[in-house]
Amino acid sequence: MQERYDFAKIESKWQKIWEDTKAFKVEEDESKEKYYVLEMFPYPSGKLHMGHVRNYSIGDVIARFKKMNGFNVLHPMGYDAFGLPAENAAIKHNVEPAEWTWSNIEEMNRQLRELGLSYDWDREVATAHPEYYKWMQWIFIQFYNKGLAYKKESEVNWCPSCQTVLANEQVVDGCCERCGSPVGKKSLSQWYFKITDYAERLLSNLDKLDGWPEKVKTMQRNWIGKSHGTEVTFGIKDSEDTLTVFTTRVDTIYGTTFMVLAPEYPTVIEMVEGTEYEAPVREYIDRCAHMSEIDRTSTTNEKTGVFIGKYAVNPFSGAEMPIYISDYVLMGYGTGAVMGVPAHDQRDFDFATKFGIDIIPVIDPQDPDVDINNLKEACAAEGVVINSGEFNGMNNKDAIEEISRVAEEIGIGRKTINYRLRDWLVSRQRYWGTPIPMIYCEDCGWVPEKEENLPVMLPTDVEFTGKGESPIVTSKTFVDTVCPVCGKPARREVDTMDTFLDSSWYFLRYCDARNEDEIFSKDKVDYWMNVDQYIGGVEHAILHLMYARFFQMALYDLGLVKNEEPFENLLTQGMVIKDGAKMSKSLGNVVSPAEIIEKYGADTARLFILFAAPPERELDWSNKGVEGSYRFLNRIWRLVYEFKEKYDTSDTKYEITSDGDRALEYALNYTIKKVTEDVRDRFNFNTAISAIMELVNEMYRYKEGEVNEGLYAFAVKNLIVLIAPFVPHISEELWENLEYGGSVHQQSWPEYDESKLVKDTVEIVVQINGKNKEKINIPGDAGRDEMLAIAEENETIRSLTEGKNVVKMIAVPGRLINIVVKG
């Protein structure tokens, strides 16, 4: 054994051994309880960042710990490999997206192996590989056949200068990120998934996810946005047309003094065509097309709108009210038409105030501080109904029920449930994505490709100009085909799938990653699923997790999986920050994992990132903290080196013969218990590592006195096992150097002896009036009376209380005594 801790040599040695022996390869084993731990797979940008290191280190500790506790552990890795950056690289650097992607994957594979992560690399998947996207296309066809996929016209972001469709993230402050031109909207026929069919299940199932953070479940509930309300139909003056609104406050319908439509409302242009209002309405609609939803719905923006020259008729009061279009109403929620009740909604109040519209109160909160007939702002409080005909005097909550009943009875409305969740737009006018396996035939319409012809391969004869709807349309070999139904000439869909689809089922493919005959073996998926522990950033709390849950439910309905939910437990780790800010190139505060590994080693990087903060909180990077972690590993190395040089490493039998022995035995059992519970129950890796550090301190103290060789050898052996999940390379090397046989990672997790955690004596603090005055030793099992008796015999305490009136004596067994005195 070398005296010096040569991390570079040690880490490369064990990484090669693990790879050569396929140390982490796993198969189904019905004799063992399975455990599936999964970190969200990365986009192959080519470089790992510290957020990756934190995410994967957390997962690796859990995987190794569970394996040492007897579980059959599945711990895979892969790449979310489709996406816009590869296409941008093709445009900027004239490099094929596939070449750029596979090169980055190769580099990231190398970096991941450098971290010593216990992945079963035989299960690696990359969503850009035809072996993977073949089955993505297969799923699309199953969803289409089930009625979950459909096509309709919808608007996309369109840059008139670049002549191309832009993703939402490419629109910055209403302008194209490429050229800076104002971005408009363009109507295209696109594919959707009917996720709204699953809205109620997605919502109600959240109550079953006890292992998910409440904040994530709340975010999903809000995104689904279930509302109980009433649909009411308003007539339009001098027209057969009507407007239907959805409202949760139908009790305020008599207070409606105007109507507002979304600028995208389908009949707006029809209502103004050929009138004096057409030009200003068209101009306003065009202006709104350049705004984001966030800007449109901001409560701080000044309200804007345009009168369309029409009047709606209140179905209850008969009152006529002007109809406007305004940016604060969206087509994506409700019906795209809103009844304006300015007395009881602040946005409506602001709008009415600006445009000089009547404000009629219809709910009296009966609050002496509110002048209901002279409102300075909207009054949203509950109360008694007023100015509402036959419903006057009712409690407004009762009025909701009664007005809804009457509306249904006379045929102008109905109680209903509305969801904020919209169907999922899955079409992308991009090249680097999964081709949508649909074909258009003039006679048959849209039909899916035959399953035996999958995958529909991405064409390679394309041009990346940065202009046009998609580079795929430039292919001379892709578009023209034959109809799978009638055999006549037809054309392929040129859109590709949203990359969120690829990441919505990858965890299932890991269960049977090399199956060429079917998407996966149901037996294998039934054995491994669902994922016992899923780990990733909270930024994925809504879209990715919602879509993955939807996919799992749909596949469950197709009889392909046995679980409705994919992830049993969820851990959302915090960001890694430096100098109080998220690491970014623009701030110049990025720390490269490669640099830390080169200078200190992967084990040091892992140890610091696990020790510096609880996993769910932000981690503030500290160079001193990294150096401290490196010094700690060197302390362990020296401790074991000296032990090997001086003592018999193989004999771990012992008898307790001294107080020093008892102290070390207690420390060892306490540490095993603490680390076990912190990792198993709470993922508190920082406090687990802290306990190991205290054990090492105790072992250094112990070796300076009379050493019980068997006990010391037992402590050293268990220490190496305890550090193994956190720092796998150094623990493997120390285990081999002490000739214990096999791999440390194949060992059983140590058990603690509860009887060894009862101290013969414990040291407690004695306080006087809450201030620490003395430390005394008492029997470990001493009760209150015995504790107080020992304290009263202590000379220091007697001198401090002499001549004073002892008011009260408080004893906390095993911890402290507080004596309250006067005088």
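Three bridges join strand 5 (residues 149–159) to strand 6, and the two run antiparallel. The model is predicted, so local features need pLDDT of at least 70 and side-chain atom pairs count only at pLDDT 80 or more, while totals for chains, interfaces and linings use all residues. Residues are numbered from 1 along each chain as its sequence is written, and side-chain values use heavy atoms, with hydrogens and water left out. Helices (H or I, at least four residues) and strands (E, at least two) are DSSP runs, numbered from the N terminus; two strands pair if DSSP finds at least two bridges between them.

- Strand 5 is joined to strand 9 by 10 antiparallel bridges, and K151 stands opposite W191 of strand 9.
- Two bridges link strand 9 to strand 19, again antiparallel, and F193 is partnered by W424 in strand 19.

**Sheet 32-31-34-33**

- A further open sheet has four strands in the order 32-31-34-33, and its pairing is mixed.
- Strand 32 (771–779) and strand 33 (805–812) are the edge strands, each pairing on one side only.
- From one strand to the next, the twist averages 20°.
- Strand 31 (residues 761–768) pairs with strand 32 in the antiparallel sense over eight bridges, where V766 stands opposite E774.

**Helix 19 and helix 23**

- Helix 19 (residues 623–646) packs with helix 23 (residues 728–737) at an angle of about 5°, their axes lying 11 Å apart.
- The two helices are therefore roughly parallel to each other (angles under 35 degrees count as roughly parallel).
- Helix 19 makes the contact through L633, I636, W637, V640 and K644, and helix 23 through I730, E733, L734 and N737.
- These residues divide into six nonpolar, one polar and two charged; Ala, Val, Leu, Ile, Met, Phe, Trp, Tyr, Cys and Pro count as nonpolar, Asp, Glu, Lys and Arg as charged, and the others, Gly among them, as polar.

**Cavities and pockets**

- The whole structure holds four cavities of 30 Å³ or more; on a 1 Å grid over the protein atoms alone, a cavity is a set of points where a 1.4 Å probe fits but cannot get out.
- The largest cavity has about 80 Å³ of space, a volume being the space filled by probe spheres set on the points, which are joined across faces, edges and corners.
- Its lining comprises 14 residues, with E87, T164, G466, K467 and P471 nearest the centre; lining residues have an atom within 4 Å of a point.
- By class, the lining of the largest cavity has two nonpolar, six polar and six charged residues.
- The second largest pocket has a volume of about 410 Å³; a pocket is an open set with protein on both sides within 12 Å along at least five of seven lines.
- This pocket is lined by 15 residues, and R662, A663, K759, D760 and T761 lie nearest its centre.
- Helix 20 (659–682) and strand 31 each supply at least two residues of that lining, and helix 20 gives the most, with five.

Methods
Axes are lines fitted to C-alpha atoms, for helices over the stretch in contact, and angles run from 0 to 180 degrees between N-to-C directions. Angles under 35 degrees count as roughly parallel, over 145 as roughly antiparallel, 65 to 115 as roughly perpendicular and the rest as oblique. Contact means heavy atoms within 4.5 Å.
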